[in-house]
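Biologist: I want to learn how to read a model like this one. Can we go feature by feature?

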Amino acid sequence: GEQEISFGIEESLKELAQLADTAGLMVVGSSFQKLVTPNGRTYIGSGKVTEIKDAVHALDVETVIFDDELSAGQLRNLEKAFGGKIRVCDRTALILDIFNQRAATHEAALQVALAQMEYQLPRLTKMWTHLERQAGGQVKGMGEKQIEVDKRILRTQIGVLKKELETVRKHRRQYRNRRVSVPIPVVSLVGYTNAGKSTLLNRLTGANVLAEDRLFATLDPTTRRVQMNNGKEFLLTDTVGFIQKLPTTLVAAFRATLEEISESSLLVHVVDISHPLAQQQIDAVDKVLSELDVAAIPQLMVWNKVDKASDSQKIKIEANNREDVVCVSALTGDGLQDFCDAVQARLKV
Ligand code: GDP
């Protein structure tokens, strides 16, 4: 893929495996190939197709997932090459599946449905050309017409969804405006998926937000009240996590979920410092934040999972430690008082 310079193929495949696990699949193996240009028909080369075909049959595999987006033709050719019963999908479809499973609010459900339809639109050919083949060419041209009809229906549905989404967003904005008039500051948790945002929220509020060792445990912003030492309160909001390789089509669809953070008094950037790519994850989050026009909002960085970080990781972290960093373990409760004090100091309430 094009954005693999900093993360590398193996990291990307590891994240893909985590995504598959999140979607409820059991991963039995992975493989990659370096090509100057992907094969137009099958994305991978013919030798690799055979290799994977043999492996999936030996291991009784049901699904083969590609880390990059595949065209309708590539999906069809690969499914045919692997022998019918094996489902072939790509990273985008997998992430859409997960979003679909996890969409908790009406707005999120609409966003997922919209992204799914936009993904399907250029891939509609598959089913109809398949039927044409089954009919032995007798209905030649019928498939083409049907594709056009289907595309028109899908485009109409996309238009309807977009309108509905706009209405829902307008409502949320009105609701938010009312909430802002209540003098309770809003603190937003941002950060990489699996950094420990839900765990931190649970720890601080006792709220029952789903915490799992899986990607996308949190999809929708969830807000809870937290009481500080001085008796004053703030609202703590959890946001959807970032992943290293989020397809661009999905970035646009889910940006709205992050719109809320522009209303915050403070952004808390939660980092899993035990992660070997902690620095890259920080950079990726910072990049998205810089695109969201939130530069004026103060930030607090939290190094989470200090209980799990190795000594060498800690040394590295201490080396570029900044004064605006608080170290915590959301799991053991270590440093949570420091965290609350740091929030209180920055909110100046
Ligand atoms: P989120 O995606 O940022 O909301 O992350 P979660 O809160 O779901 O946490 C992801 C995983 O990391 C879960 O398995 C948590 O139990 C684990 N976790 C969270 N905080 C800590 C911590 O301080 N130490 C350790 N060892 N694990 C943690």
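Biologist: Start with the largest pocket. How many residues line the largest pocket, and which lie nearest its centre?

Modeller: First, the general idea. Rolling a probe the size of a water molecule over the atoms shows where empty space is left. Now this case, which is a predicted model. The lining of the largest pocket has 39 residues. Nearest its centre are Leu13, Ser30, Ser31, Val64 and Ile65. The elements that supply two or more lining residues are α1, α2 (46–59) and β1 (63–66).

Biologist: What is the volume of the largest pocket? And how does its lining divide into nonpolar, polar and charged residues?

Modeller: The volume is about 1,200 Å³. The lining splits into 23 nonpolar, seven polar and nine charged residues.

Biologist: Helix α1 came up there. How should I read a helix, and which residues of α1 are buried?

Modeller: An α-helix has 3.6 residues a turn, so residues three or four places apart point the same way. Look for that spacing. In α1, the buried residues are Glu11, Ser12, Leu13, Glu15, Leu16, Leu19, Ala20 and Thr22. Leu13 is also among the residues nearest the centre of the largest pocket.

Biologist: What span does α1 reach from its first C-alpha to its last?

Modeller: Helix α1 covers residues 8–22, 15 residues in total. The span is 21 Å, close to the 21 Å expected at 1.5 Å a residue. Just after α1 comes Gly24, with a positive phi of about 95°.

Biologist: Is Asp60 buried or exposed?

Modeller: Asp60 is exposed, because its relative accessible area is 66% and the cut-off for exposed is over 50%.

Biologist: Where does Lys305 lie, and what is its phi?

Modeller: Lys305 is in the loop between β7 (299–304) and α11 (311–319). The phi of Lys305 is near 65°, again a positive value in a residue other than glycine. Lys305 counts as buried, because its relative accessibility is 16% and buried means under 20%.

Biologist: Ser310 is in the loop between β7 and α11 too. How accessible is Ser310?

Modeller: Ser310 counts as partly exposed, at 31% relative accessibility. Ser310 and Ile273 are 37 residues apart along the chain, yet their C-alpha atoms are separated by 9.3 Å.

Biologist: That pairs sequence distance with spatial distance. Which residues does Met117 contact, beyond its neighbours within four places in sequence?

Modeller: Met117 is found in helix α5 (residues 106–120). Its contacts, with those neighbours left aside, are Leu154, Gln157, Ile158 and Leu161. Met117 and Arg155 are 38 residues apart in sequence and 8.4 Å apart in space, C-alpha to C-alpha. Met117 is buried, with a relative accessible area of 17%.

Biologist: Finally, zoom out. What percentage of the protein's residues count as buried?

Modeller: Of the 349 residues, 47% count as buried. The protein has twelve helices and eight strands. Take contacts between residues at least 6 apart in sequence: 69% of them join residues at least 24 apart.

Note on methods
Residues are numbered from 1 along each chain as its sequence is written. This is a predicted model: local features need pLDDT of at least 70, side-chain atom pairs count only at pLDDT 80 or more; totals for chains, interfaces and linings use all residues. Side-chain values use heavy atoms; hydrogens and water are left out. Helices (H or I, at least four residues) and strands (E, at least two) are DSSP runs, numbered from the N terminus. The expected span of a helix is 1.5 Å times one less than its number of residues. Buried means under 20% relative accessible area, exposed over 50%, partly exposed in between (1.4 Å probe, protein chains only). Contact means heavy atoms within 4.5 Å. On a 1 Å grid over the protein atoms alone, a cavity is a set of points where a 1.4 Å probe fits but cannot get out, and a pocket is an open set with protein on both sides within 12 Å along at least five of seven lines; lining residues have an atom within 4 Å of a point. Grid points are joined across faces, edges and corners, and a volume is the space filled by probe spheres set on the points. Ala, Val, Leu, Ile, Met, Phe, Trp, Tyr, Cys and Pro count as nonpolar, Asp, Glu, Lys and Arg as charged, and the others, Gly among them, as polar.
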